[in-house]
Amino acid sequence: MSLRSIVHPLRSQRRTLIAAPSPNDGPLLSRRSDRALPEIPSSRKLWLRTLPIFLSIITLSTLAIFNYQKASSSIVNATLYALRTSEAGKRELGEQVYFRDKFPWIWGEMNQLHGRIDISFGVKGTKGKGVMRFKSVRKTRMGFFETQEWSLEMEDGRKLQLLDEVRDDPFKHTALQAHS
């Protein structure tokens, strides 16, 4: 026995490498631990192809989350309630006034912290459809919101000013005032 075989016992028992199985080899019933590993395809091309898809999904998801936050806010609920109880709203839209689309999109800015609300969204009732616009500002830091515009534009192009009704501003002392 030589010194080399004592120091390096694995060298004398060297096994040959076995190639990785190909896709058409059939079931693999046993594996040797010293087999050759399969080739890994270059992931750079795949990464460059999937990055735009990933970024698109992230962007759309972010927009949908922020829109959901707007759609479920107290401001949108208060304006829908006021539209349902408005005489002009009932006359033009009918009963069961709600969002026009299954997934409503709330356009515009809803910034209660800085006192700016300017939103619009599609509404529908049993008689017709339209787009409701609501604009309100808070001029001082601790002041109340003042409604500047509350209108309903029908599908045929007619624009109804809902604030011109006989009754007072329907948004005074509602959820809009609670946030100021």
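Modeller: Read along the sequence, the pattern is α-α-α-α-α-β-β-β-β-β-β-α. That makes six helices and six strands in the chain. Both are DSSP runs, numbered from the N terminus: helices are H or I with at least four residues, strands are E with at least two. The model is predicted, so local features need pLDDT of at least 70, side-chain atom pairs count only at pLDDT 80 or more, and totals for chains, interfaces and linings use all residues. Residues are numbered from 1 along each chain as its sequence is written, and side-chain values use heavy atoms, with hydrogens and water left out.

Take helix α4, residues 74-85. How far apart are its end C-alpha atoms? They are 16 Å apart. The expected span is 1.5 Å times one less than the number of residues. For the 12 residues of α4 that gives 16 Å, so the two agree.

Next, which residues of α4 are buried? They are I75, V76, A78, T79, L80, A82 and L83. Buried means under 20% relative accessible area, exposed means over 50%, and partly exposed lies in between (1.4 Å probe, protein chains only). Of the chain's 180 residues, 29% count as buried.

Now look at the largest nonpolar core, which has 24 residues. Such a core is a set of buried Ala, Val, Leu, Ile, Met, Phe, Trp, Tyr and Cys residues joined through side-chain atoms within 4.5 Å. V76, L83, I106, I119, F121, V123 and L152 touch the most other members. Two or more residues come from each of α4, α5 (87-93), β3 (116-124), β4 (129-137) and β5 (146-154). Helix α4 gives the most, with five residues. In soluble globular proteins, nonpolar side chains tend to be buried together.

Not counting residues up to four places away in sequence, V123 touches L80 and L83, among others. Its contacts also include L93, Y98, F99, M132 and L152. Contact means heavy atoms within 4.5 Å.

The side chains of E149 and R133 meet in a salt bridge (2.4 Å, N to O). E149 is in strand β5 and R133 in strand β4, 16 residues apart. A salt bridge is a side-chain nitrogen of Lys or Arg within 4 Å of a carboxyl oxygen of Asp or Glu. E149 is buried, at 13% relative accessible area. R133 is partly exposed, at 27%.
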